[in-house]
Amino acid sequence: MEQKQRTRMLVEAGLSIAIAYVLHFVVLFQMPQGGSVNAANLVPLIIFALRWGGKWGLITCMAYGLIEFLLGFKFSLHFLSIILDYILGYGVIGVAGFFANSRSGAIGGVLAGCSLRWLCSVVSGAVVFAAYAPAGQNPWLYSMVYNASYMIPELVINLVVIVLFYTRIMKGLQRR
């Protein structure tokens with residue numbers, strides 16, 4: 001990768017992280033033990049991953065997760081929660097970049113990234129936050145339902161934005 005292109009990629013990564021972080025302040029719904037539905041805050045990260053590929057998408061999304069942890073409200077300081085809910089949890093959004101650069105590829109990438117994020121949060125919830133499960137309830141089932149209750153609406157919001165604006169976004173990014 002030539003120097004000019006690498007510089008452009010780094011600038012776009014920084015802008016994607018910054019825009020995603022600003023959008024995370026637009027909270028539509030906050031869950032009591034952590035997690036929220038935000039206004040399409042994953043879209044800038046998904047667009048970056050689609051544009052620059054999965055490798056750089058994973059790295060950029062992991063950086064976003066680390067920033068989200070360092071600057072955000074913390075529901076846990078447990079090591080596994082930091083890794084699963086933040087660094088890997090947001091990092092896996094970058095897998096969208098491994099999908100075909102088309103509208104259907106973007107849909108598959110969003111679904112894959114958000115599903116993997118949900119899986120990371122389910123493991124974190126069952127292992128770290130099992131005490132929050134109601135007495136007698138399986139912590140894995142509780143974690144699956146709890147995390148799905150806010151991640152499914154967030155998936156839908158991000159997916160709708162990507163589907164509606166995919167062509168315009170990608171056309172705008174192709175102009176240099």
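Student: Which residues in helix 1 meet which residues in helix 2?

Tutor: In this predicted model, the helix 1 side of the contact is made by Gln5, Arg8, Met9, Glu12, Ala13, Ser16, Ile17, Ile19, Ala20 and Leu23, and these meet Pro44, Leu45, Phe48, Arg51 and Trp52 in helix 2. Sorted by class, the contact of helix 1 with helix 2 has 10 nonpolar, two polar and three charged residues.

Student: And at what angle do helix 1 and helix 2 pack?

Tutor: The angle between helix 1 and helix 2 is about 160°, and their axes are 8 Å apart. Because angles over 145 degrees count as roughly antiparallel, helix 1 is roughly antiparallel to helix 2. The crossing in which helix 1 passes helix 2 is left-handed.

Student: Staying with helix 2, how many of its residues are buried?

Tutor: Helix 2 is mostly covered, with 10 of its 10 residues buried. Among them are Val43 and Ile46, and also Arg51, which is buried in helix 2 as well.

Student: What do those buried residues of helix 2 pack against?

Tutor: They pack against helix 1, which spans residues 3–23, and against helix 3 (54–71), helix 5 (103–127) and helix 6.

Student: Is Ala40 buried or exposed?

Tutor: Ala40 counts as buried because its relative accessibility is 11%, and the cut-off for buried is under 20%.

Student: New topic: which helix does Asn147 lie in, and why does Asn147 count as buried?

Tutor: Asn147 lies in helix 6, which covers residues 139–174. Its relative accessibility is 5%, and therefore Asn147 counts as buried.

Student: Which residues is Asn147 in contact with, leaving aside its neighbours within four places in sequence?

Tutor: With those neighbours left aside, Asn147 is in contact with Trp118, Ser121 and Val122.

Student: And which backbone oxygen lies 2.9 Å from a polar atom of the Asn147 side chain?

Tutor: That is the backbone oxygen of Ser143, which lies 2.9 Å from a polar atom of the side chain of Asn147.

Notes: Residues numbered from 1 in each chain as written. Predicted model: local features only at pLDDT ≥ 70, side-chain atom pairs only at ≥ 80, totals over all residues. Heavy atoms only, no water. Helix = DSSP H or I, 4+ residues; strand = E, 2+ residues; numbered from the N terminus. Buried < 20%, exposed > 50% of the residue type's maximum accessible area, 1.4 Å probe, protein only. Polar contact = N/O pair within 3.5 Å; in protein donor to acceptor, adjacent residues only side chain to side chain. Contact = heavy atoms within 4.5 Å. Axes fitted to C-alpha atoms, helices over the stretch in contact; angles between N-to-C directions. Parallel < 35°, antiparallel > 145°, perpendicular 65-115°, else oblique. Left-handed = near helix turned anticlockwise from the far one by under 90°. Nonpolar A, V, L, I, M, F, W, Y, C, P; charged D, E, K, R; others polar.
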